[in-house]
Amino acid sequence: MLNGDKTDSWILTYHQNCDPGLEYREMMDTKRAIGKLDGRQCYHIIQSFKPGEVSPELALKIAKEFAAEYLPDYEVVIGTHVDKKHIHSHLIFNSVNAQTGRKYHISTQEYYCQIRAISDRLCREHGLSVVMEGQPSQAVSYIEWLRQRKGQPTFRTMLEADLRSAIEDANDLGHFFMLMEHMGWEISHGNRLGFRLRGQERFMYPGRKNPLFTEDGIRAAIQGNLEEIEAGRRPEIIHRPYYQLYKKHPKYTGFMALYVHYLYVLGKIEKRQYPPRMTPRLQKDVMRFERYREQFAFLRENHIANQEDMTAFQSHAEENLANFMKQRTILNVRKKKRKGLYDALADVEVLAQAKALYEEGLSGMEAEFTRYMDAEAVLERSGAPRERLTTEKAAIYEQLAQVNADIRATRKKLALCKEILDRLPQMERTTEKIESREAEHHEKHRGR
């Protein structure tokens, strides 16, 4: 979290109620003193901002204000990361309150009422946008969360898509229910409106999370559609794409053909459709089934069917990598030339409060005040408008984040190419052995 490459050489970090380099020891000392060493050791909050909307210094300032308001008695470590397109701050804090000795705990509902509300308010106060969405009354299940992360459909996302489609097409509530039934959903008309696919064990109640999907919400939405049609703001009929007949997969050759066959073999082994000898290597390959599918998808997307295609792809990827590395070097040189000004910008932003306290007569702020005045002098000597410097710095950080992402992606592709080439001979040998053993097994049983 406090990686210097991600936090502009540790400039974009902050410690509340603990000292840099000693944060872990001091958090553990707090737990030992109170006698609460069990359970969760710390908590993690991330504040993420829209790309290009916030400077790193302002993101750090918002994180500090949030920690001071929401976690005043907790030991907190903050790191603002600039290695991605979107600037974001990580807040790690001790699970034990240093003053009260109580362990931190929060429910999903409290999260929206406290953490999210404070964070959104601070963003608005600084002129930043916030994500507007409903407040769910319960957390998403772990399985559903995993599937959503992988971009896979869930029953809940399928239901919501069908609900929105039916609402758009319906003339009234009765017509809506008919459309939902034609899509295969059973409907429960109880205290809450419930839906389930035929064959599902339990009903789902989407109105708990989104008022649009309650009976009143659906009725109001349909009425709004009709009013828009009457006003000419939307068409009477929404044309949807026609059903496309299933198309057979193309006939694969070369590398892709070997992968298709090997995945088929591994799938049969996993389902135990015939009794192969499960060697340790083969057992590992079965466990790596998803990895092989990822490699096959990579070959198919990049049209790599043979060694010649692979060599051409690697050559092109290495050329791109060299260009990305050159771009990064140029950006780093630009950043280094302006480092003094960028550091001064950060100091002025971060130390403004310390300067104000010093001018009010608070002792112990002399070093911070001197550093602030030095930074002001550097910016004055440069003669460059601060708004332009801030925009320039944000642009360089964003470009660096993008080129670093491109470098990582290209290196990953090259590593995948090497992994595929290293794996191919073993896959061929394993496939031949399994099929030979399967043929012997069938011949033996047929002779009986």
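A nonpolar core is a set of buried Ala, Val, Leu, Ile, Met, Phe, Trp, Tyr and Cys residues joined through side-chain atoms within 4.5 Å. Buried means under 20% relative accessible area and exposed over 50%, with partly exposed in between (1.4 Å probe, protein chains only). This is a predicted model: local features need pLDDT of at least 70, side-chain atom pairs count only at pLDDT 80 or more, and totals for chains, interfaces and linings use all residues. Residues are numbered from 1 along each chain as its sequence is written, and side-chain values use heavy atoms, without hydrogens and water.

Q: Which element supplies the largest share of the largest nonpolar core?
A: This core has 28 residues, and F66, V76, L91, F93 and Y104 have the most contacts inside it. At least two residues each come from β2, α2, β3, β4 and α3. Helices (H or I, at least four residues) and strands (E, at least two) are DSSP runs, numbered from the N terminus. The largest share is eight residues, and its source is α2.

Q: Which exposed residues does the face of α14 turned away from its buried side carry?
A: Residues such as F369 and L379 are buried in α14. The face turned away from them carries two exposed residues, A367 and R381.
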